[in-house]
Amino acid sequence: MSEFAKKVHSYTEQEQKFGDWFYQEVQADLVIEKSGWAFDSSQRVAKRLNQQRQTSLKIEPVVIWIAQVTAFIVPGRYLYISRELLQRLPGDDAIAFLIAHEIAHHDLGHVKLSNYSWLKYLPGDVYLAMLLKRIENKFTSLEHESQADQYGLDLCLSAGYDGQKCLQLFNVLEAHLLNFRAFEAIFGSEELDEHDSEYWLGGLGQWITQTHQWGQQLLQSHPPVRERKNKLEEYLNSNHCQVGEK
Ligand SMILES: [Zn+2]
């Protein structure tokens with residue numbers, strides 16, 4: 001039995017309250033897309049994924065306009081995807097994997113309300129977008145990322161998405177990270193040495209401070225993109241992977 005078919009965590013009333021409050025804060029500060037291509041595709045995909053989950057409590061995607069290429073989930077019913085990331089994805093399968101990965105963090109109980117209580121004490125004039133990009137990596141661990149990848153892919157396969165096309169998400173992330181010269185995030189630290197480290201270090205100095213921090217967080221908490229993709233490709237080609245077969 002695949003992991004997503006087991007009993008999943010469902011948001012509590014308290015978490016739902018937090019999620020609704022957070023949504024209001026986001027809405028007050030940022031543009032949320034409520035129609036058009038990006039909205040439609042995220043809704044369409046989330047509906048199909050939710051149907052496969054063992055709970056009646058649905059997770060809803062919210063498309064927001066921020067400059068960062070990012071997606072994250074907070075306690076409650078909403079997950080957030082930047083339009084900037086969504087528009088780079090080649091089709092529904094990759095979008096499904098992105099959404100399923102975030103849903104996985106929820107279902108597997110990775111999203112702890114206590115980790116987010118600090119948000120409540122922010123002064124009202126803090127620009128929320130500055131904080132959002134910090135959320136994505138703040139509370140994840142290598143183990144959680146790997147679990148979310150696996151569960152997310154199983155959920156996609158169960159909903160009838162094409163596993164190989166799902167993994168195109170990683171190509172998009174890799175292309176994006178290359179722009180930031182985050183070699184280590186893509187290849188892992190061992191292969192980093194094989195690259196021109198002067199180029200790496202030289203580029204580092206040119207980063208704006210925020211980008212640097214973002215890169216550092218990503219290196220600390222996420223397994224290399226290439227490693228994640230390879231692992232799931234192996235899984236797709238293995239006998240263990242049967243949920244996608246009809
Ligand atoms: Zn994650």
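Visitor: Before going into detail, what does the secondary structure of the chain come to, and what share of its residues is buried?

Guide: Keeping in mind that the model is predicted, the secondary structure comes to 13 helices and 4 strands, and buried residues account for 35% of the 246 residues in the chain. Of the contacts between residues at least 6 apart in sequence, 75% join residues that are at least 24 apart.

Visitor: How should I read the sheet, and in what order do the strands stand?

Guide: As a general idea, strands of a sheet pair through backbone hydrogen bonds, either parallel or antiparallel. Here the 4 strands form an open sheet with the order β1-β2-β4-β3, and the pairing is mixed. Because β1 and β3 (71-73) stand at the edges, each with a single partner strand, one side of each is left without a neighbour in the sheet. Helix α2 packs on this sheet, where it touches β1, β2 and β4, and its direction makes about 160 degrees with that of β2.

Visitor: How many residues lie between β3 and β4 in their hairpin?

Guide: There are 4 residues between them, and in the turn Gly-76 has a positive phi of about 105 degrees.

Visitor: What can be said about the two faces of β4?

Guide: In a regular strand the side chains alternate between the two faces of the sheet.

Visitor: Turning to the helices, how should I describe a packed pair, and at roughly what angle do the axes of α2 and α4 cross?

Guide: Two packed helices are described by the angle between their axes and the distance between the axes. For α2 and α4, the axes come within 9 Å and cross at roughly 60 degrees, which means that α2 is oblique to α4. The crossing of α2 and α4 is right-handed. On the α2 side the contact is made by Ser-41, Ser-42, Val-45, Ala-46 and Leu-49, and on the α4 side by Asp-92, Ile-95, Ala-96, Ile-99, Ala-100 and Ile-103. By class, the residues of this contact divide into 8 nonpolar, 2 polar and 1 charged.

Visitor: And within what distance do the axes of α4 and α6 come?

Guide: The axes of α4 (residues 92-107) and α6 (residues 142-158) come within 7 Å and cross at roughly 120 degrees, so α4 and α6 are oblique to each other. Their crossing is right-handed. Among the residues that meet are Ala-96, Phe-97 and Ala-100 in α4, and His-144, Gln-147 and Ala-148 in α6. The contact of α4 with α6 has 10 nonpolar, 5 polar and 2 charged residues.

Visitor: Where is Arg-48 placed, and why does Arg-48 count as partly exposed?

Guide: Arg-48 belongs to helix α2 (residues 37-50). A residue is buried if 20 or more other C-beta atoms lie within 10 Å of its own, and Arg-48 has 19, so Arg-48 is partly exposed. Along the chain Arg-48 and Tyr-161 are 113 residues apart, yet 9.7 Å separates their C-alpha atoms.

Key: Residues numbered from 1 in each chain as written. Predicted model: local features only at pLDDT ≥ 70, side-chain atom pairs only at ≥ 80, totals over all residues. Buried ≥ 20, exposed ≤ 12 C-beta atoms within 10 Å, placed from the backbone. Contact = placed C-beta atoms within 7 Å. Axes fitted to C-alpha atoms, helices over the stretch in contact; angles between N-to-C directions. Parallel < 35°, antiparallel > 145°, perpendicular 65-115°, else oblique. Left-handed = near helix turned anticlockwise from the far one by under 90°. Nonpolar A, V, L, I, M, F, W, Y, C, P; charged D, E, K, R; others polar. Pairing = 2+ DSSP bridges.
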